[in-house]
Amino acid sequence: GEFRRFQQEWQFHHKTSSPLYPTSNGRSENAVKSAKDLMKKAKSAGIDPYLALLTLRNTPTQGMSSSPAQRLLSRRTRTTLPTHATLLEPEVSLQAKAEVERNKARQKMYYDRQARDLPTLSPGDEVRTQPTQKGELWRPAIVRERVGERSYMVRREDGTVLRRNRRQLRQTAEKQWQPVEESEEEQLVDRQDEGGTGRTASPIKTRAGRIVRPPAWLSAYEQ
């Protein structure tokens with residue numbers, strides 16, 4: 001596609017994440033949230049939103065000694081706040097990378113205090129996928145392959161292939177759906193009733209179209 005050609009032309013790596021799971025793209029989501037909050041506050045205060053963005057870019061990031069402008073431009077940018085000329089001179093921030101790694105390690109340490117890794121899934125494992133709409137049920141699916149550290153490709157009973165995060169999948173021990181041939185449906189015949197009429201009935205199906213089969217132990221009882 002067009003984006004793939006753009007990626008090859010500019011020689012960068014496009015790393016994707018699981019859909020409907022914003023936590024895996026937390027850095028970008030947090031940046032969007034900060035920008036939206038800033039725009040709302042600028043509108044309510046009646047000030048220029050671009051001036052608010054300029055101030056944000058010149059504000060040092062928490063846990064770091066440099067601002068976004070310093071890390072991108074290697075210098076501070078001029079704002080409405082009086083600034084000495086020496087502070088506007090170019091200066092490369094050599095500690096930025098080490099500070100970013102230190103912040104990541106600290107965040108991971110606090111997160112791992114209560115977080116636990118979920119069991120790894122293998123191709124062929126039977127799972128249920130988290131619904132996308134409120135009120136829907138978890139739908140059965142089968143794992144096809146693992147495409148990331150915690151990301152999997154799964155196939156639903158209708159043939160749809162989805163990519164989901166491990167937290168959106170629940171492993172189950174239930175017997176999954178199986179394709180039913182037309183000849184099988186014709187073979188599902190009810191037992192003769194007490195009157196001996198020998199009538200047959202259509203097989204009972206679920207909303208998804210699967211045939212409901214009674215447990216084997218019920219075969220010992222007359223219906």
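Where in the chain is the place of Leu 20? The points below take up that residue and others in this predicted model.

1. Leu 20. The place of Leu 20 is the loop that runs between α1 and α2. Its phi is positive, about 60°, although the residue is not a glycine. Most residues other than glycine have a negative phi. At a relative accessibility of 56%, Leu 20 counts as exposed, because the cut-off for that class is over 50%.

2. Gln 11. The loop between α1 and α2 (26-45) also holds Gln 11. Gln 11 is not a glycine either, yet its phi is positive, at about 55°. Its relative accessible area is 73%, and Gln 11 is therefore classed as exposed. Both backbone angles can be checked on the model: about 55° for Gln 11 and about 60° for Leu 20.

3. Overall make-up. The protein contains six helices and five strands. Read from the N terminus, the order of elements is α-α-α-α-α-β-β-β-β-β-α. Of the 223 residues in the protein, 18% are buried. The accessible surface comes to about 18300 Å², and carbon and sulfur atoms account for 51% of that surface. Taking contacts between residues at least 6 apart in sequence, 39% join residues at least 24 apart.

4. How many aromatic pairs does a search of the whole structure find? The search finds four. One of them joins Phe 3 and Phe 12: the ring centres are 6.1 Å apart and the planes stand at 75°, so this pair is edge-to-face. Phe 6 and Trp 10 form another aromatic pair, with 6.1 Å from centre to centre and 45° between the planes, and this one is tilted. Phe 6 and Trp 10 are about one helical turn apart, because they lie four residues from each other in helix α1 (residues 2-10). Ring pairs link Phe 3, Phe 6, Trp 10 and Phe 12 into a cluster.

5. Helix α2. This helix has 20 residues. From its first C-alpha to its last, α2 reaches 28 Å, close to the 28 Å expected at 1.5 Å a residue. Gly 46 follows α2, and the phi of Gly 46 is positive, near 75°.

6. Thr 61. The loop between α3 (49-57) and α4 is where Thr 61 is found. At 26% relative accessibility, Thr 61 counts as partly exposed. Not counting residues up to four places away in sequence, Thr 61 touches Ser 66, Ser 67, Pro 68 and Arg 71.

7. Helix α5. Helix α5 covers residues 96-111, which is 16 residues, and reaches 23 Å from its first C-alpha to its last, close to the 22 Å expected at 1.5 Å a residue. Which residues of α5 are buried? They include Ala 96, Glu 99 and Asn 103. Seen down the helix axis, the buried residues of α5 fall within an arc of 65°, so they line one face of the helix. Lys 97 and Lys 108, on the other side of α5, are exposed. Helix α4 (68-73) is among the elements that cover the buried residues of α5.

8. Val 143. Strand β2 (residues 139-146) contains Val 143. Val 143 has a relative accessible area of 4% and is therefore buried. Leaving aside neighbours within four places in sequence, Val 143 is in contact with Leu 121, Ser 122, Pro 123, Gly 124, Asp 125, Val 127, Tyr 152, Met 153 and Val 154. Leu 162 is 19 residues from Val 143 along the chain, and the C-alpha atoms of the two are separated by 9.7 Å.

9. Arg 170 and Trp 138. What sits over the ring of Trp 138? The charged end of Arg 170 does, 3.9 Å from the centre of that ring.

How values were computed:
Residues numbered from 1 in each chain as written. Predicted model: local features only at pLDDT ≥ 70, side-chain atom pairs only at ≥ 80, totals over all residues. Heavy atoms only, no water. Helix = DSSP H or I, 4+ residues; strand = E, 2+ residues; numbered from the N terminus. Expected span 1.5 Å × (residues − 1). Buried < 20%, exposed > 50% of the residue type's maximum accessible area, 1.4 Å probe, protein only. Arc of directions from axis to C-beta. Contact = heavy atoms within 4.5 Å. Phe/Tyr/Trp six-rings, centres within 6.5 Å; stacked < 30°, edge-to-face > 60°. Lys NZ or Arg CZ within 6 Å of the ring centre and 35° of its normal. Areas by Shrake-Rupley, 256 points an atom, 1.4 Å probe, with all protein chains shown as cover.
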